[in-house]
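Please read the points below with the sequence and the model side by side.

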Amino acid sequence: MKLQLAMDVLTVEDALELSGKVAEYVDIIELGTPLVKNAGMTAVTAIKEAHPDKIVFADLKTMDAGELEADVAFKAGADLVTVLGVADDSTIAGAIKAGKAHGKGVVVDLIGVDDKAARAKEVTDLGAEFVEFHAGLDEQAQEGYDLNTLLTAGKESGVAFSVAGGVKLATVKDVQASGADVAVVGGGIYSADDPAQAAKDLRDAIG
C-alpha cells in the first residue's frame, strides 16, 4: 500500500518545507485544494521540480471543464488530478482523455457521493486510475463520524481505491487490511510535533 501525504497548507514555501521533511517516507505528495486555489499551478510545478521521483497529486476537485482543468495541471507537472464523483460522466471522461494524452492519471474523489461503492465501479469503468473514498474535514468534525464506513464501502466496491478521512497511525493498519491501494494522511503528519517522525512511523507500520 502506498502512503500519500495530503498537504493542507496555503503557500508554496510551506509546502516545500513540509514535503522536504517527509518525502523519503511517502510515495505520493498531494497538493491540497486550498493550496492549489491559493498558490495556483506554480505550486504544482515547484513540488514536482523539488521531488521529481515522487508522484505529484493535484487535488483540483474538478466539477466541470474536466479536460481543460486536467490538461492545465498535467502541463504544470501533476501526475494525478482529482475530479469529483458527483460530476457528470462527461466531465470525468474529459479529464481522463487529458490524462491519456499526457500519460498521466485521474483519481475520482467520492466526497459527497451517497452510494460510494456503486459510483466507484462506474467511474472505474470510465477509466479512473483509482477512486478516493473520502470524508472531508467538515464531515470528520461531525459527531458520529466513523472511518470504518469508508473502509467498508471500499471493500464492497471491488476496485482500486484510496482512503482519506482522518487516517492516522492508529488506523492505518485498518486501512491496509481493507485492501486499499493508498492511505492518505494529512493532519496525522503535518500536525505532528515532528512530521518526519510521524511519516516514518506510518511507513514502518504499513511496511
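1. Strand 3 covers residues 55–62, and six of its eight residues are buried, so the strand is mostly covered. Buried means under 20% relative accessible area, exposed means over 50%, and partly exposed is in between, with a 1.4 Å probe and protein chains only. Helices (H or I, at least four residues) and strands (E, at least two) are DSSP runs, numbered from the N terminus. This is a predicted model, in which local features need pLDDT of at least 70 and side-chain atom pairs count only at pLDDT 80 or more, while totals for chains, interfaces and linings use all residues. Residues are numbered from 1 along each chain as its sequence is written, and side-chain values use heavy atoms, with hydrogens and water left out.

2. Which strands run alongside strand 3? Strand 2 (residues 28–31) is parallel to strand 3 and joined to it by four bridges. In this pairing, E30 stands opposite F57. Strand 4 (residues 80–84) also pairs with strand 3 in the parallel sense, over three bridges. Here T62 is opposite V83. Two strands are said to pair if DSSP finds at least two bridges between them.

3. Strand 3, helix 4 (residues 66–76) and strand 4 form a right-handed β-α-β unit. A crossover is right-handed if, with the strands pointing away from the viewer, the path from the first strand over the helix to the second runs clockwise.

4. K61, in strand 3, has a positive phi of about 50 degrees although it is not a glycine. K61 is partly exposed, with a relative accessible area of 24%. A65 lies in the loop between strand 3 and helix 4. The phi of A65 is also positive, near 55 degrees, and A65 is not glycine either. At 34% relative accessibility, A65 is partly exposed.

5. Is K48 buried or exposed? K48, in helix 3 (residues 41–50), is buried, because its relative accessible area is 18%. Its side chain makes a polar contact of 2.8 Å with the side chain of D79. A polar contact is a pair of N or O atoms within 3.5 Å; within protein, one must be able to donate a hydrogen and the other to accept it, and residues adjacent in sequence count only if both atoms are side-chain atoms. D79 is in the loop between helix 4 and strand 4.

6. The surroundings of these two residues can be listed as well. Leaving aside neighbours within four places in sequence, K48 is in contact (heavy atoms within 4.5 Å) with K54, V56, G77 and D79. With residues up to four places away not counted, D79 touches K48, K54, I55, V56, F74, K104 and G105.

7. Strand 5 (residues 105–109) is mostly covered, with five of its five residues buried. On one side these are G105, V107 and D109, and on the other V106 and V108. Strand 5 pairs with strand 4 in the parallel sense over five bridges, and L80 stands opposite G105. Strand 5 is also parallel to strand 6, to which three bridges join it; V107 stands opposite F130 there.

8. Two further right-handed β-α-β units involve strand 5. One is made by strand 4, helix 5 (residues 89–102) and strand 5. The other is made by strand 5, helix 6 (residues 116–126) and strand 6.

9. How many aromatic pairs are there? Rings of Phe, Tyr and Trp (its six-membered ring) pair if their centres lie within 6.5 Å; planes under 30 degrees apart count as stacked, over 60 as edge-to-face and the rest as tilted. By this rule the count is one. The rings of F133 and F161 have centres 5.4 Å apart and planes at 75 degrees, so the pair is edge-to-face. The pair links distant parts of the chain, 28 residues apart, with F133 in strand 6 (residues 130–134) and F161 in strand 7 (residues 161–164). Both F133 and F161 are buried.

10. A nonpolar core is a set of buried Ala, Val, Leu, Ile, Met, Phe, Trp, Tyr and Cys residues joined through side-chain atoms within 4.5 Å. The largest one has 61 residues, of which M7, L31, V81, F133, V163, V167 and V175 touch the most other members. Another core, of nine residues, lies apart from it and includes I28, A164, V182 and V184.
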